[in-house]
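Here is a short note to read alongside the model. Please keep the sequence and the 3D view open as you go.

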Amino acid sequence: MVLRPRVTGSGPVIQIPAQRRVLLCMGPGGVGKTTVAAALGLAAARQGRRVIVLTIDPSRRLAQALGLDPRQGHAPGTIVPVHGPGGVELDCLMLDTQRVFDEIVRVYSRDEAAAQRMLANPIYRATAQHLGGALEYAATARVHMLHAERRYDLIVLDTPPTANALDFIDAPQHITELVSNPAARFLAGTGRIGMKLIGLGGGVLLKTFEAMGGGSFIAELGGFLKDFGNVLGEFRRRAGDVAELLRSAETGAVFATAATDFSAREAEAFIDVIVERGMRVDGIVVNRVLPRLPPLPAASVLHAAVAAQVGEGAAEATVQALGAGYSGARRQAERAGRILAHLQQRYPSVPVAVLERRDPPPASLEELVQMGDHLLSPPSV
Ligand SMILES: Nc1ncnc2c1ncn2[C@@H]1O[C@H](COP(=O)(O)OP(=O)(O)O)[C@@H](O)[C@H]1O
Ligand SMILES: [Mg+2]
């Protein structure tokens, strides 16, 4: 491998074109989607955009860094203003699936009375947010609403952990079809197999039984799905198709991947689906990369230094353990370089950025700002 990829020390390479109003942070689970969403959101805000970051499942540390900690009185679903270092300001919002559905029901029901009936319906309360694809639906619906409000220049969406990009992109369509599909409604009314079909697990079933005091649940579920389907259909008719927004030049996607072959392959599968759907890819972030290490000093030098610390008796074993650990870390860094070069080659028009592994993981706005500044360069008009 002769390519010497820019693992560290390169300037920020990702740009979010000025026309983008929605930025999706996508990728396999646990690779840093939420972190990258926050970092990019902060960087875009520092560049003067009015930004909101919509997160799905921030780790506690990250939620605290963003000030989204429920113990600070910030319930999911409420917009929280964040004041970062250097006067940077942006809004953050933790997705609350139920609240998004409630909002849709309130605005798109036939009339006020119908809305109140649905909101009070125990089947709605117990099942809506557990239907297959509900989380993904709510995330895109919330983006759609924020986009329509025009309060923000950029909405950064941290996407839910799905097995592949299609699970996310197609989920809104699925749930609409599901609740609007008479056959699915019929099956829902016939018991367990139907429950599986609409994505409801046994736990939800049981809870709802209890909430309703038993019996009529199965029979009434079909009726509920019909009313809910009408509401979602009305939302789609009046608000417009969110899939269109995602395909338009107003939406871009940034992908995160860990620096492992497995994760990179998963990320590639995500990217290929997105590209095939006619969506735009604004960048790839190879995350948690170990810095490249200089070679170890010669064994004799090392041996003397180690012996001075641990004594001559333990020196040889310690030097060997050091050497093994060190070369493991070097191999990892080299692998990251290979993955970076591979992604650059595979997607020549997409900037590929690298974030170093931080130890401990980022837990403050300052660190997220540093990461964001490392990723994002100003848009060229
Ligand atoms: N560059 C990094 N260095 C160290 N830890 C990181 C880095 N990026 C993310 N993490 C940590 O890795 C974990 C997963 O990151 P997260 O952003 O929550 O991923 P995802 O949203 O894809 O599940 C979190 O604990 C986060 O703090
Ligand atoms: Mg996440």
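1. **Ground rules.** This is a predicted model, in which local features need pLDDT of at least 70, side-chain atom pairs count only at pLDDT 80 or more, and totals for chains, interfaces and linings use all residues. Residues are numbered from 1 along each chain as its sequence is written, chains are lettered from A and ligands numbered from 1 in the order in which they are written, and side-chain values use heavy atoms, with hydrogens and water left out.

2. **Around the ligand.** Ligand 1 has 14 residues around it. The closest are Lys33, Thr34, Thr35, Arg288 and Arg358. A residue counts here if one of its heavy atoms lies within 4 Å of the molecule. Helix H1 (33-46) and strand S7 (280-289) each give at least two residues to this shell. H1 supplies the largest share, three residues. Helices (H or I, at least four residues) and strands (E, at least two) are DSSP runs, numbered from the N terminus.

3. **Backbone contacts to the ligand.** Oxygen atoms of ligand 1 lie 3.1 Å from a polar backbone atom of glycine 30, 2.9 Å from one of glycine 32 and 2.8 Å from one of lysine 33. Taken alone, ligand 1 exposes 560 Å², and the protein buries 86% of that. These areas come from the Shrake-Rupley method with a 1.4 Å probe.

4. **Helix H3.** Does the length fit, or what should we expect? The 12 residues of H3 (residues 97-108) should span 16 Å at 1.5 Å a residue, and the end C-alpha atoms are 16 Å apart, so the two agree. The expected span is 1.5 Å times one less than the number of residues. At the start of H3, a side-chain oxygen of aspartate 96 comes within 3.2 Å of the backbone nitrogen of glutamine 98. Buried residues in H3 include Val100, Phe101, Ile104 and Val105. Buried means under 20% relative accessible area, exposed over 50%, partly exposed in between (1.4 Å probe, protein chains only).

5. **Histidine 147.** This residue is in helix H6 (residues 134-149). Histidine 147 is buried, at 11% relative accessible area. A polar contact of 2.8 Å joins its side chain to that of glutamate 250. Such a contact is a pair of N or O atoms within 3.5 Å; within protein, one must be able to donate a hydrogen and the other to accept it, and residues adjacent in sequence count only if both atoms are side-chain atoms.

6. **Threonine 127.** Helix H5 (residues 122-127) holds threonine 127. Its relative accessible area is 0%, so threonine 127 is buried. A polar atom of its side chain lies 2.6 Å from the backbone oxygen of isoleucine 123.
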